[in-house]
Amino acid sequence: MSTAVVVGSGPNGLAAAIRLARQGVRVRVLEAHESVGGGLRSGERTLPGLVHDDCSAFHPAGVASPFLRALDLERHGLRWLWPEVEVAHPLDSGAAGVLWRDVDRTAGAMPPSDGRAWRRTFEPLVRRFDRLVEDVFRPALRVPSHPLALAAFGLRALAPATWTARRWCGEEARGLFGGVAAHTFGPLEAPLAGAVGLLLTAAGHTYGWPVAEGGSGAIARAMTALLAELGGVVETGVEVDDLGLLAGADLVLLDTMPGEAARILGRRLPPARRQAYRRYRHGPAAFKVDFAVEGGIPWRNEHCRAAGTVHLGGTFEEVAAAEQAVARGRLPERPFVLLGQQYLADPSRSAGDTHPVYAYAHVPNGFRGDATEAVVGQIERFAPGFRERIVARHVRSTAQLPGYNRNFVGGDIVGGSNAGLRLVARPRLALDPYATGVPGVYLCSAATPPGAGVHGMCGFNAAESALRYLER
């Protein structure tokens, strides 16, 4: 029987392990942390009984992932839950852009011309979404399974988000799209910057933006249970500093950032690959604040009170300016803030009338300051009186994030810069971006296609490449 070692137990490491184990490979997963999951951990961070997600919180890519959907993780305790409103984007006027799973309902809440433009933009993507995902979730340099669907998306995805936003005149539609596009963690003026906004919005209309019951850690627990059922083993608290420690394994898959892979592989890496890994560029960072809030958030806009995800940044132009400032290494006075009210879909996370609220601001990579008040200020801007309802808070600063997860280099939680072609050519443009050049060793982290998100496809794709190596 062939053997494999997977270094790292994030969603991609676990996905790679499961794919290999399903093919009869004997798998060990080694995790440096004392618990599995990488960015999929959750727990009580503010007050007893309140469950907070540490990093990944909303999972449109998880429910849309061809690989995860095929695993039947519900059999191992995973349960997806949806809020009434998927996403809201409030404005200073008190209005808000609102995303429902229903394209018609979303478009119907907009002025007629914007509603028609919204339907023209997203109805074709929703109709073709599953076919589109089959190709988008794979490496760029391959023959597509659905070339027409991919070509239609690609023509739109190449444009900057600033160009795409011109389709709408009203601030609600423009802001709604801009907030979703800001998940790119980069300048909205850059080529391909609209791709993430288009794909995540279409995912929201197709599958929604659900949360995992009991916290995102439930996803990792379900994947670990499935791996154990397949004969795989997970060992926590194990540091891997050198490939020599893994001698004897037929395959090694690294759920690490390229710089860490270069450190582990050392001189075994071909010189060109070693240089590319060491120079791998990371993107902007997150500054995370969890709140315990009595009575919930007093939003001015009623739809925000029902939204699982709320994007705080004001108009499209304000969001674009804030993202540009962060990309240039400067913290804006009003940074873009992503806020989560997971308890609306999953009341088990609350304790009575005190609720866990998740928030992080986009800040420059390596940011050493304190953005807590900037986060509070952005929430207070759209929900006056929020500050008085805070009963506890937990801060995980940008500087602390790498200590929580080594893959969060400089506080970058999306596995590398998404600017321009880096969105699709990661960690370098190659026919097999998972192969390290060391026989039998593959990279399977979010630094490989298709990038960030709890979809497991980086791990699945890397495992497919590794299995082809075994066949040869």
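Q: In β7, which residue is the bridge partner of histidine 89?
A: In this predicted model, histidine 89 has glycine 97 of β7 as its bridge partner.

Q: What makes β6 and β7 a pair of strands?
A: Strand β6, residues 85-90, is joined to β7 by four bridges, and the two run antiparallel. A pair needs at least two bridges, so the four bridges between β6 and β7 meet the rule.

Q: Why are β7 and β15 said to stand at the edges of the sheet?
A: The sheet is open and mixed in its pairing, with seven strands in the order β7-β6-β12-β13-β14-β11-β15. Both β7 (96-99) and β15 (390-396) have a single partner strand, so one side of each is left without a neighbour in the sheet. From one strand to the next, the twist averages 20°.

Q: Across which strands does helix α15 lie?
A: Helix α15, made of residues 372-382, lies across β6, β11, β12, β13, β14 and β15, and it runs at about 55° to β11.

Q: What makes the lining of the largest cavity nonpolar or charged, by class?
A: The lining includes Asp54, Lys288, Tyr358 and Phe408. Asp and Lys count as charged, whereas Tyr and Phe count as nonpolar; by class, the lining has seven nonpolar, two charged and no polar residues. Strands β11 and β14 each supply at least two residues of this lining, and the largest cavity holds about 60 Å³ of space.

How values were computed
Residues numbered from 1 in each chain as written. Predicted model: local features only at pLDDT ≥ 70, side-chain atom pairs only at ≥ 80, totals over all residues. Heavy atoms only, no water. Axes fitted to C-alpha atoms, helices over the stretch in contact; angles between N-to-C directions. Contact = heavy atoms within 4.5 Å. 1 Å grid on protein atoms, 1.4 Å probe; cavity = no way out; pocket = protein on both sides within 12 Å on 5 of 7 lines; lining within 4 Å. Points joined across faces, edges and corners; volume = space filled by probe spheres on them.
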